Amino acid sequence: MKILGISAHYHDSAAALVIDGVPVCAVQEERLSRRKNDAGFPLSAIEWCLEHAKLDPSDLDAVVFYERSMLKFERILTCALRAFPHSWRSFPHAIKNTLGEKVWVRGIISSHLGVPRHKILFTDHHASHAAAAFLTAPTRRAAILTADGVGEWATLTVGQGERRADGTTEITLRREIRFPHSLGMLYSTVTAYLGFNVNEDEYKVMGLAAYGRPTMIEQVRKVIRRLPGGAFALVPEFFEFQTTADRSYSSKFVDLFGPPRHRYEPIDLGSPDGHRFADCAASVQQVLEEILVDIAARLRRETGLSDLCFGGGVALNGVANARILGDAGFDRVFVPPAPGDAGCALGSALYADRIYFRNSDREVPDHPFWGPPVNGHDLARAAREDSQGVEELDESRLIERVAGDLAAGRIVGWMDGAAEFGPRALGHRSLLAAPHPCGIRDRLNRDIKRREEFRPFAPVVPIESADQFFELPPGGARLARYMSGVFPVRREWRSRLAAVTHVDGTARVQVLERDMAPRLHALLEAYGRRTDVPVLLNTSFNVAGEPIVTQALEGYLTFRRCGIDVLVAGSTVVTKPAAAPATSLKESGTWSSSSAAASTVV
Ligand SMILES: [Fe+2]
């Protein structure tokens with residue numbers, strides 16, 4: 001059975017293809033359209049999925065949309081009418097926006113793909129999140145928690161899933177919290193208040209929180225109240241997102257927290273305002289963690305299950321995920337590589353396969369690499385046409401050569417195999433660098449990522465060495481498989497891992513098993529042999545404001561216009577003539593000098 005899943009029209013559109021119960025491919029529209037957070041109908045992603053599987057739309061047994069658009073429309077309409085007359089200005093905009101494309105999804109899918117309308121199915125938004133989390137995790141029974149901004153009405157659900165021995169699958173979402181009461185909306189409101197982009201920059205709030213102290217926790221508790229049974233409610237007078245699209249927080253919110261930050265105002269952590277913004281971030285982060293831990297702990301007691309699958313955009317909060325793992329009583333917490341709405345494309349297709357069609361349970365490969373593959377020959381061709389030196393190396397020489405470059409302080413663009421599905425680079429579209437000197441971090445920030453100083457970079461470490469450098473609790477390595485948890489760097493290693501250690505001594509570490517990305521694993525080992533520290537800085541391969549690169553040519557163009565020194569795709573290596581001098585890492589004493597293997601320049 002061939003099932004196409006689609007998420008679209010809110011943010012992070014995506015398509016995913018499931019054939020005979022197993023994912024075949026999945027890609028976010030932005031990776032192909034090159035428009036960050038592309039929310040349009042994911043025609044390019046659908047075309048690529050079908051081409052990749054050599055299918056025509058007529059071959060599809062079903063096309064599944066990741067939410068019920070009519071229910072969502074009902075929610076928008078109801079909220080606008082409830083808020084009338086305060087909503088009179090935003091009402092026409094909301095209705096036009098919704099009526100324009102979001103309601104008539106069946107017609108849009110049918111006309112774009114030419115599939116008959118009866119083949120087009122809809123799942124509940126949070127069922128898609130739940131399926132993306134549970135049906136991709138290597139567990140047979142688990143509690144399920146989903147939390148995001150909002151789907152149709154639900155903003156948080158709790159339940160459980162079971163893959164039975166007879167091949168049937170059950171996902172039961174028992175309770176939900178409904179809009180406007182939403183942890184995601186609370187976090188997004190603070191994101192907007194702090195001058196960042198909503199639905200895009202929430203992780204900046206998490207990064208900023210480490211610089212603050214939760215001194216404003218009482219204020220946060222005034223805007224989100226706890227209810228008996230673990231639920232919560234946003235206090236409407238502090239929010240405006242339900243009445244207008246112009247601003248998510250009210251003047252009462254400003255009275256409580258002080259003037260908001262203007263988006264172009266730099267955050268000076270030495271100033272009183274900078275302090276206040278960091279404290280605000282720390283306070284909302286702490287309350288979010290407390291509520292999630294409480295809800296998860298109740299779920300643990302209710303279900304008696306030892307595994308938790310956590311999905312929805314809130315599950316991108318690695319600090320909260322680590323708190324849940326540590327404090328809610330679960331042995332293992334599974335967060336998929338794409339817990340947000342893009343991942344719902346895969347979730348909805350799997351949900352339709354297992355639950356709607358009652359197809360037999362299948363193991364889903366435990367990796368994030370469902371996107372378009374990279375081709376080293378394309379890189380070689382582009383670089384040669386551009387009169388750049390191109391090297392073609394066999395595997396062992398390439399690994400040694402790149403390990404030498406990294407040890408020499410060079411920044412490497414690393415493209416390998418199929419692209420990751422999800423917002424994080426997990427070793428197939430990564431920028432890699434030495435994790436030691438802060439100079440590297442500053443260079444990456446200044447020349448490539450052009451991002452705020454307070455945002456940390458993440459490390460990647462082989463699973464065999466993870467405990468040596470990071471304080472991972474039981475289950476921590478699993479959560480760190482997809483960079484979904486933030487854990488302490490061991491104190492004695494913090495200065496040697498300065499470029500990847502956040503101000504509070506933590507890191508959003510990726511713990512890598514060889515099977516998942518063998519080439520990166522080999523590179524880490526080779527780098528470790530040279531430096532005694534098999535850890536690399538791993539950040540997504542993109543420049544500020546752009547999606548992560550997909551094809552070799554995009555990687556090459558990015559390499560050419562920013563401070564990346566070396567670019568790798570397949571067996572092809574391209575090095576800038578003026579690559580960073582091999583001097584910046586000498587101070588640590590244990591470094592060997594760069595010993596790039598002799599190679600053939602083609
Ligand atoms: Fe969602």
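Student: Which residues are linked with Arg140 in a network of salt bridges?

Tutor: Arg140 is linked with Arg163, Asp353, Arg354, Asp361 and Glu363 in that network. A salt bridge here is a side-chain nitrogen of Lys or Arg within 4 Å of a carboxyl oxygen of Asp or Glu. The model is predicted, so local features need pLDDT of at least 70 and side-chain atom pairs count only at pLDDT 80 or more, while totals for chains, interfaces and linings use all residues. Residues are numbered from 1 along each chain as its sequence is written, and side-chain values use heavy atoms, with hydrogens and water left out.

By this rule, the count of salt bridges comes to 42.

In one of them, the side chains of Asp124 and Arg68 meet at 2.5 Å, N to O. Asp124 belongs to the loop between β5 (120-122) and α6 (125-134), and Arg68 to the loop between β4 and α3 (69-83), so this pair ties together parts that are 56 residues apart in sequence. Helices (H or I, at least four residues) and strands (E, at least two) are DSSP runs, numbered from the N terminus. Asp124 has a relative accessibility of 35% and counts as partly exposed; Arg68, with 33%, is also partly exposed. Buried means under 20% relative accessible area, exposed over 50%, and partly exposed in between (1.4 Å probe, protein chains only).

Another salt bridge joins Arg560 and Asp386, at 2.6 Å from N to O. Arg560 sits in helix α20 (residues 552-561), whereas Asp386 is in the loop between α14 (376-385) and β13 (390-392), so parts that are 174 residues apart in sequence are tied together. Arg560 is partly exposed, its relative accessible area being 38%, and Asp386 is partly exposed with 30%.

Helix α20 also holds a partner of the next pair. Glu546 forms a salt bridge with Arg561, and their closest N and O atoms are 2.8 Å apart. Glu546 lies in the loop between β20 (536-540) and α20, with Arg561 in the helix, so the pair connects parts that are 15 residues apart in sequence. Glu546 counts as partly exposed at 25% relative accessibility, and Arg561 is partly exposed with a relative accessible area of 45%.

Strand β4 (residues 62-65) pairs with β1 in the parallel sense over four bridges. Two strands pair if DSSP finds at least two bridges between them. Five of the six residues of β1 (residues 2-7) are buried, so this strand is largely enclosed by the rest of the structure. Ile6 has Phe65 as its bridge partner in β4, and Ile6 also stands opposite Ala15 in β2. Strands β1 and β2 run antiparallel and are joined by six bridges. They form a hairpin with six residues between them, and His9 in the turn has a positive phi of about 80°.

Asp20 is found in the loop between β2 (14-19) and β3 (22-28) and is partly exposed, at 45% relative accessibility. Glu47 belongs to helix α2 (residues 43-52) and is partly exposed, with a relative accessible area of 47%. Pro57 is ten residues from Glu47 in sequence, and the distance between them in space is 9.1 Å, C-alpha to C-alpha.
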